[in-house]
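Please read these notes with the model open beside you. They go point by point.

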Amino acid sequence: MKTYGSQSMVEPLKRVLVRKPDEAFGNADPAFWHYVSQPNLEKAQAEHDALVATLREAGCEVLYHDAELPEHADAIFTHDPVIVTDEGYIVLRMGKDQRRGEESALGNTLEGFGVPILATLEGEATAEGGDLMWLDHATLAVGRGYRTNAEGLRQLTAALRPLGVETFEVQLPYGDGPVSCLHLMSLISMLDHDLAVVHLPLLPVPFVELLSDRGVSLVEVPDEEYPTMGPNVLALAPRRCLMIEGNPVTKGRLEAAGCEVLTYRGDDLSLKAEGGATCLTRPILRTDD
């Protein structure tokens, strides 16, 4: 039985990699890491434990990334350093300078769990997992912004072509500038093959048109729930999802669209460090088998 392969955002999540907050996270300087405020480590760890328990109750095998990464506060966001395909993982290259070094460490952890390497981004290429969103098994939307550059997109496209995968470039807005973490998945999460939750005002028109052409219905996040990561929702299975608590309008709209919505508390784990449920998880295996 195959133990890896994740060319989907919505198929049932079977195997996922997480990292428990450590001293590097608890001691993070908010100015250096661009956090809202310094997290309380004990509270963040308790919130993470509860998140993991929810994932396990949903049927996920949860694996831990325990590599030594001192001074890497953002390493808890395991989604970003690699992307997992049906043929192995691709080592990305972080656009946030403080995160360089996480890529190979997480790759080594994946190899320890039986996931082979497929490709590595090199040179001046940058790409982060939060900018990479599967529209279907053979189509990857790539957010082009401050975290993923043109060379990163080019190398990703070349690495994925032998798998029969096409990439679609999505131009990202300036947002709060280079130091801010504006990923494609800060604005949109796929929840089913034909459903996404979005903050529509910041999405480019060609991408919205593409989603419409593909028959994807959009659940809109109101302006007041965008800063609290309303669009950052992890699909556990089609129309079964996990989001941070405290976004009642978005939650209600998702339920009205036929979703079962689970929530987790992320006051210190997520809100202070600006990383939600998708950021905290690196899917390794998604399958409906």
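1. The buried residues of helix 5 have cover that includes strand 3, strand 4, strand 5, strand 6, strand 7 and strand 8 (166–171). Those buried residues are Gly-152, Leu-153, Gln-155, Leu-156, Thr-157, Ala-159 and Leu-160. Buried means under 20% relative accessible area, exposed over 50%, and partly exposed in between (1.4 Å probe, protein chains only). Helices (H or I, at least four residues) and strands (E, at least two) are DSSP runs, numbered from the N terminus.

2. A word on the source. This is a predicted model, where local features need pLDDT of at least 70 and side-chain atom pairs count only at pLDDT 80 or more, while totals for chains, interfaces and linings use all residues. Residues are numbered from 1 along each chain as its sequence is written, and side-chain values use heavy atoms, with hydrogens and water left out.

3. Look at Gln-155, in helix 5. Its relative accessible area is 14%, so Gln-155 counts as buried. The Gln-155 side chain reaches the backbone nitrogen of Glu-122 at 2.9 Å. That is a polar contact: a pair of N or O atoms within 3.5 Å; within protein, one must be able to donate a hydrogen and the other to accept it, and residues adjacent in sequence count only if both atoms are side-chain atoms. Leaving out residues up to four places away in sequence, Gln-155 touches Thr-120, Leu-121, Glu-122 and Ala-125. Contact here means heavy atoms within 4.5 Å.

4. What caps the N-terminal end of helix 5? Asn-149 does. One of its side-chain oxygens lies 3.3 Å from the backbone nitrogen of Glu-151.

5. Three strands form an open sheet with mixed pairing, in the order 3-4-5. Strand 3 (82–85) and strand 5 (117–120) are at the edges with a single partner strand each, so one side of each has no neighbour in the sheet. Strands pair if DSSP finds at least two bridges between them. Strand 3 pairs with strand 4 (residues 88–91) in the antiparallel sense, over four bridges. Val-84 has Tyr-89 of strand 4 as its bridge partner.

6. Finally, the cores. A nonpolar core is a set of buried Ala, Val, Leu, Ile, Met, Phe, Trp, Tyr and Cys residues joined through side-chain atoms within 4.5 Å. The largest one has 48 residues, and Ile-90 is among those with the most contacts inside it. Helix 5 (150–160) and helix 6 (205–213) are among the elements that each supply at least two residues of this core. A second, separate core has 28 residues, including Leu-51 and Cys-279.
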